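Please walk me through the charged side chains of this protein and how they pair, and then through one of its helices.

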Amino acid sequence: MGTNAPPRREPFTRGPHEIYFKNLSKPKQKEVMDKNGSNHKLRVCVATCNRADYSKLAPIMFGIKAEPQFFELDVVVLGSHLIDDYGNTYRMIEQDDFDIHTRLHTIVRGEDEAAMVESVGLALVKLPDVLNRLKPDIMIVHGDRFDALALATSAALMNIRILHIEGGEVSGTIDDSIRHAITKLAHYHVCCTRSAEQHLIAMCEDHDRILLAGCPSYDKLLSAKNKDYMSIIRMWLGEDVKTRDYIVALQHPVTTDIKHSIKMFELTLDALISFNKRTLVLFPNVDAGSKEMVRVMRKKGIEHHPNFRAVKHVPFDQFIQLVAHAGCMIGNSSCGVREVGAFGTPVINLGTRQTGRETGENVLHVRDADTQDKILHALQLQFGKQYPCSKIYGDGNAVPRILKFLKSIDLKEPLQKKFCFPPVKDNISQDIDHILETQSALAVDLGGTNLRVAVVSMKGEIVKKYTQLNPKTYEDRLELILKMCVEAASEAVNVNCRILGVGISTGGRVNPQEGIVLHSTKLIQEWSSVDLRTPISDALHLPVWVDNDGNCAALAERKFGHGKGIENFVTLITGTGIGGGIIHQHELIHGSSFCAAELGHIVVSLDGPECLCGSRGCIEAFASGIALQREAKKLHDEDLLLVEGMSMKKEEVVSAAHLIQAAKLGNIKADSILRTAGTALGLGVVNILHTMNPSLVILSGVLASHYVNAVKDVINQQALSSVKTVDVVVSNLVDPALLGAASLVLDYTTRRTY
């Protein structure tokens, strides 16, 4: 790669990139001129804005002009073509024997960002009149310049079909955004590389309207055989210059970082002066910052330096010969990374203006060209080398393909373009109810016996539920919680549920603000001073809420049950223990030390049975499942439990269920125990009524239906008349602890602040 070679390099050898340009004719590209009427010629408007786009458009224009039986050509010239400072390059269009239908002066001088915007606006003001007069069937727009954006916008709004050349490519600066914007406006696309074609497809453009043709300028590059190239070199660089012993420099401002690009240009000129080789410097384009770059050239005396030739424009045919036989090209022009590769000429690409472009191995990128030494070192590495000729951007047959593509356009097809969006998973519905249903929570219920985890939807549906025995140790319990939560969260994705957070219901006294279990009941071992929020949130990357199981039951009723819309109510849980929650003015009461609503420990008898809390006569000591089991065992030990219709296996454990069954079957002693338990619970409720004055009491849990009538009777007998109108109902919720844990999440993350 760095060896000397003969001065003439013919770019005609086959390479790997040439293969994919073979057999590009697609079945859709049949010549169907009769679609548009046998006598109809396709009226094509080609608009050119500058010397660079004309080099790509000229081969197409020659092709169109050569087939007058199929096409009518109108040429519109605008932009920097008509500015003296940029070479009045419209003259080369006239020299190529094209009739220019319209010349539009659209450039607002100033060469800054505002001038670019004003130039687009001026073009938009002037173009409608031209297009109304021409009435083209199709407009051909090239590239990514701001002038081209004005052309595409005007044509699209005036219902004129657009054929965009060189869409789908990737580069730096604002050009990238402009190029893709034109793509979205264009109806048809001619791209130069396989990658560009894939980008267009990824941008949802219709594959049937994309032609992979190669770059039109390559048609000229690869057929350039000028044996008198030395006369061209001497004309532009001097009589004493030899092939591969000079440099071509072409650098433009970077509109997204003008200050840096000017500094980089200054460093480039310093490096070229130090390198001391004959250099042809072309003036920059008309972008914002170009005026400052010209000032830098003049400040350094480039126009009068013996080693430099500064020019505004070189005709494309001659420019081809100059870069084909140069020792190196330097700058940030797309020409360096595209066309020059066809000759294997070494290129130094400076900065980010061409970032993302496909390049051959002849290109050395200096992304951070922030010192003279870096650029000078790049010149030393690249100058005079010879690289293999690259055909990434074309094989020399783009124009015939483009003409065939133009002939295939059916003007009877609807003008409105269609986008080909990739397939996505179908949603069942997009109405608000469906969205609410899919918002879900992970609910965890830590009971004395079981550990349960569920996916609960916004409407209170338990979508998935998992149950395991609650481990006896803290470490095993926490490990199991995490394992079950991870499994449930993974399954939630499959059932179209989006998990908003984790809610945990647990026995004991809880600080919900910190997510800490302060101390637990004797039913759950090793469960005091436990931080639940931190490890679970860290593992699942979800917010976590924790509260007492009685409070969670109240929250479940408020969101999903009888308490929905009720301002003041109390929930009592009758299960293994007795718990509850208080809703006052729609809010849950926690108390100053998070001990509110320990309703099971309201004392209803000073000499009652001993409670697990250490006191005597608590509601829980009379009416809990444990209390009923205790009394059932006493009866069983005295052989007073079983009655006719009941049986028990020897190994069967006596439970509260046996006491209830015995009472139903006529066991007087069992029935008396249940009535005493119901009375104790009723007295506790009366105390609550006299303290909180709720409008509703909800009995929840497995024993609720056995106690509800007894509670109502006690209220009628013992309560003040002002509270006797209270409603006492049995909860209709199947899993209040899980639903309450879910409501911790769902209320907080949607409408309510809990």
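Asp175 is buried, as is Arg353, where buried means under 20% relative accessible area, exposed over 50% and partly exposed in between, judged with a 1.4 Å probe and the protein chains only. Asp175 forms a salt bridge with Arg353, their closest N and O atoms being 3.7 Å apart; a salt bridge here is a side-chain nitrogen of Lys or Arg within 4 Å of a carboxyl oxygen of Asp or Glu. Because Asp175 lies in helix H5 (residues 173–185) and Arg353 in the loop between strand S12 (347–350) and strand S13 (363–366), the pair ties together parts that are 178 residues apart in sequence. Helices (H or I, at least four residues) and strands (E, at least two) are DSSP runs, numbered from the N terminus.

This is a predicted model, in which local features need pLDDT of at least 70 and side-chain atom pairs count only at pLDDT 80 or more, while totals for chains, interfaces and linings use all residues. Residues are numbered from 1 along each chain as its sequence is written, and side-chain values use heavy atoms, with hydrogens and water left out.

In general, side chains of opposite charge can pair when their charged atoms come close. By the salt-bridge rule, the count comes to 38. One of these pairs is Glu67 with Lys407, whose closest N and O atoms are 2.6 Å apart. This pair links distant parts of the chain, with Glu67 in the loop between helix H1 (51–65) and strand S2 (71–78) and Lys407 in helix H14 (residues 398–407), 340 residues apart. Both Glu67 and Lys407 are buried.

Helix H5 also holds a pair within itself, since Arg179 and Asp176 both lie there, three residues apart, about one turn of the helix. Arg179 forms a salt bridge with Asp176, with the closest N and O atoms 2.6 Å apart. Arg179 counts as buried because its relative accessibility is 1%, and Asp176 is buried with a relative accessible area of 17%. Both residues belong to a network of salt bridges whose members include Lys56, Asp144, Glu166, Glu169, Arg338, Glu339 and Arg357.

Turning to the helix, which residues of H21 are buried? In helix H21 (residues 656–664) they are Ala656, His658, Leu659, Ile660, Ala662 and Ala663. What covers these buried residues includes helix H20 (625–637), helix H22 (668–692) and helix H23 (704–718), contact being heavy atoms within 4.5 Å. Just after H21, Gly666 takes a positive phi of about 100 degrees.
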